[in-house]
Amino acid sequence: MKKRTPRVLPGFGLTMGTTITGLSLFVLIPLAVLVLRGTTMNWQDFVSAAFSPRALASYKLTFFTALAAGLGNVVIGVLVAWSLTRYRFPGRRLLDGIVDLPFALPTAVAGISLTALYAKNGWIGSLLAPLGIRIAFTPVGISLAMLFVGMPFVIRAVQPVLEDFDTSLEEAAKSLGASGLTTFRKIIFPTLLPAILTGFTLSLARGLGEYGSVIFIAGNMPFKTEVTSLLIVTQLEEFDYSGATAIALVMLGASFLLLFALNLLQRIAFKGGNGS
Amino acid sequence: MSTRVIHLPKLERTAITSEQVLRVVLITTTVIVMTLFFIMPLVVVFVNAFRGGLGAYTAALSHPHTLAAIKLTAIAVLVSVPLNTLLGLGAAWLVTRHKVPGRSLLLTLIDMPFTISPIVSGLMFVLIFGSHSLLGAWLIEHGIRIVFAVPGIILATTFVTFPFVVRELIPVMDSLGSDEELAGVSLGAWGWTLFRKITLPNIRWGLLYGIILCTARAIGEFGAVSVVSGHIRGRTNTIPLHIEVLFNEYQTTAAFAVASLLTFFALVTLIAKEIVMRQVHRKNDQDSSVS
């Protein structure tokens, strides 16, 4: 804890003013309007809109595809981060620089590009089609798009931990006869776990709300490949503002609960060591 | 990828060979995964963009609707990025240089646009300013359109990109501490001078980094803008929305031609990030070697 210092530096009033005004205008008021709009709804209307079979199908689809993408990102993220920090090989710098591509590339571009790759006549899709594997326009495609947009989270969370990792621990374990796998499981993995969890949480949250990259590859069939954010857009296009609000509130509430639970888990498990 | 056989003294052979194998396997997998997910989507954009030849490419880019989309995106970026830079500087100064009651609540609110789905963000502005709302109806009566018009697009873009600059600045300013500013104050510097002469030179690379991220997202924002835009071609379509329209109309080559423009921007962003990041590291190294 820092010691309490008297207010010496200038700008408190000004920055407090701009921050509060900005947050109110851009965050608090819009959120309040959304919640208010939901609470003025008739309870029965709310439930029938928010928990219609179509909405329920979209929640289930969105949750499981985002979960799969998050878990996939953990595996890929640890692997890529490990190779990029531990090994030196030609092209490493280039790959390291390109890790942030999903953050820099507009999601619409990612969406049409992944669709072009994984559609039946695409470069990768045409290789998989003879094997009976379809990716575009199926839940797998949705998960793939979420995997792409969330990929940098785990990599970038794990990389600095690996860079700072004290290799003497590893060497000690090895000199005591531990196998490579045991060393990884007992020494390296526990150290990485907080970062992995942070990356997983961010990736999951991103997947749950993702729209741009998903809608092109999803196929967007109600009950089958319609994610929740798309359902909200569909309701809006039909001028069903109440329905859209109800579903948005469920989505908002669910993702807050999920993030809260994951943060809590992290804090309990690691005693706030890495949490910001 | 070729595997190299490494000849080593007999004694250590087995141990090192297994590690060597693991190394090759991991590097190969990484290269394959990254080619699949990062390189191929980039390549496919450019290949499809030039499928119809250079003529079709330039025709798609110089189409009036494309030009209108570029102009609208430029407007949204030119308003939202400077606004978020100023707000971000203010918020970062407040959080790192002053004791604020409810600091963690403030940080949660700042992060909110990252947690909320872009679609829900767009919906919020439709609910406030749409024609069915009280405020929206009143504004439209007075000839002011926000939703399904340019102001809505600017609002949505600003909302979604709000956290980028603050989020980059807070850790930088936290780690710098306020000693230099306090010294400045004791020597009589105050207000704007203090910020310009002491703070800004110290945080400039971090600030630039945040601005780069903010700009990239502002150019590419899709969901929130899509909800508030109304998709009026030539009027309320930003570049990403224009790509969607073209793609859905099976004008694939044109869609990818316009997409190649954004992809080019994304690559420039990555390079700029790399350069700025290196400057940040250099600055950190200098600082740690001095102290």
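**View 1. The two domains of chain A have centres 29 Å apart, taken over C-alpha atoms.** The model is predicted: local features require pLDDT of at least 70 and side-chain atom pairs count only at pLDDT 80 or more, whereas totals for chains, interfaces and linings use all residues. Residues are numbered from 1 along each chain as its sequence is written, and chains are lettered from A and ligands numbered from 1 in the order in which they are written. In chain A, domain 1 spans 13-45 and domain 2 spans 51-270; such bounds come from an automatic or database domain assignment. Five residues of domain 1 of chain A are in contact with five residues of domain 2 of chain A, a contact being a pair of residues whose C-beta atoms, placed from the backbone, lie within 7 Å. On the side of domain 1 of chain A that touches domain 2 of chain A, α1(A) provides the largest share, with three residues. By class, this side of domain 1 of chain A has two nonpolar, one polar and two charged residues. Here Ala, Val, Leu, Ile, Met, Phe, Trp, Tyr, Cys and Pro count as nonpolar, Asp, Glu, Lys and Arg as charged, and the others, Gly among them, as polar.

**View 2. Chain B is likewise divided, into domain 1 (15-48) and domain 2 (53-290).** The C-alpha centres of domain 1 and domain 2 of chain B are 32 Å apart. Four residues from domain 1 of chain B and six residues from domain 2 of chain B make up the contact. The side of domain 1 of chain B that touches domain 2 of chain B has three nonpolar, one polar and no charged residues.

**View 3. Chain A contains 13 helices and zero strands.** Helices (H or I, at least four residues) and strands (E, at least two) are DSSP runs, numbered from the N terminus. Along the principal axes, the C-alpha atoms of chain A fill a box of roughly 70 × 70 × 30 Å. Of the 276 residues of chain A, 45% are buried. A residue is buried if 20 or more other C-beta atoms lie within 10 Å of its own, exposed if 12 or fewer, and partly exposed in between, with C-beta atoms placed from the backbone. Among contacts in chain A with a separation of 6 or more, 77% join residues 24 or more positions apart.

**View 4. Helix α2 (residues 43-50) of chain A has the buried residues F46(A), A49(A) and A50(A).** Seen down the axis of α2(A), these buried residues fall within an arc of 90°, so they line one face of the helix. The arc is that of the directions from the helix axis to the C-beta atoms. Exposed residues Q44(A) and V47(A) are carried on the face of α2(A) turned away from its buried side.

**View 5. Helix α3 (residues 53-86) and helix α10 (residues 180-209) of chain A pack at an angle of about 145°, with their axes 8 Å apart.** Axes are lines fitted to C-alpha atoms, for helices over the stretch in contact, and angles run from 0 to 180 degrees between N-to-C directions. Residues including G70(A), N73(A) and G77(A) in α3(A) meet residues of α10(A), among them G199(A), F200(A) and S203(A). This contact of α3(A) with α10(A) comprises ten nonpolar, eight polar and no charged residues.

**View 6. The contact between the chains takes 65 residues from chain A and 70 residues from chain B.** Helix α1 (residues 12-39) of chain A gives the most to the side of chain A that touches chain B, with 14 residues. That side of chain A divides into 46 nonpolar, 15 polar and four charged residues.

Definitions and conventions: Two residues are in contact if their C-beta atoms, placed from the backbone, lie within 7 Å.
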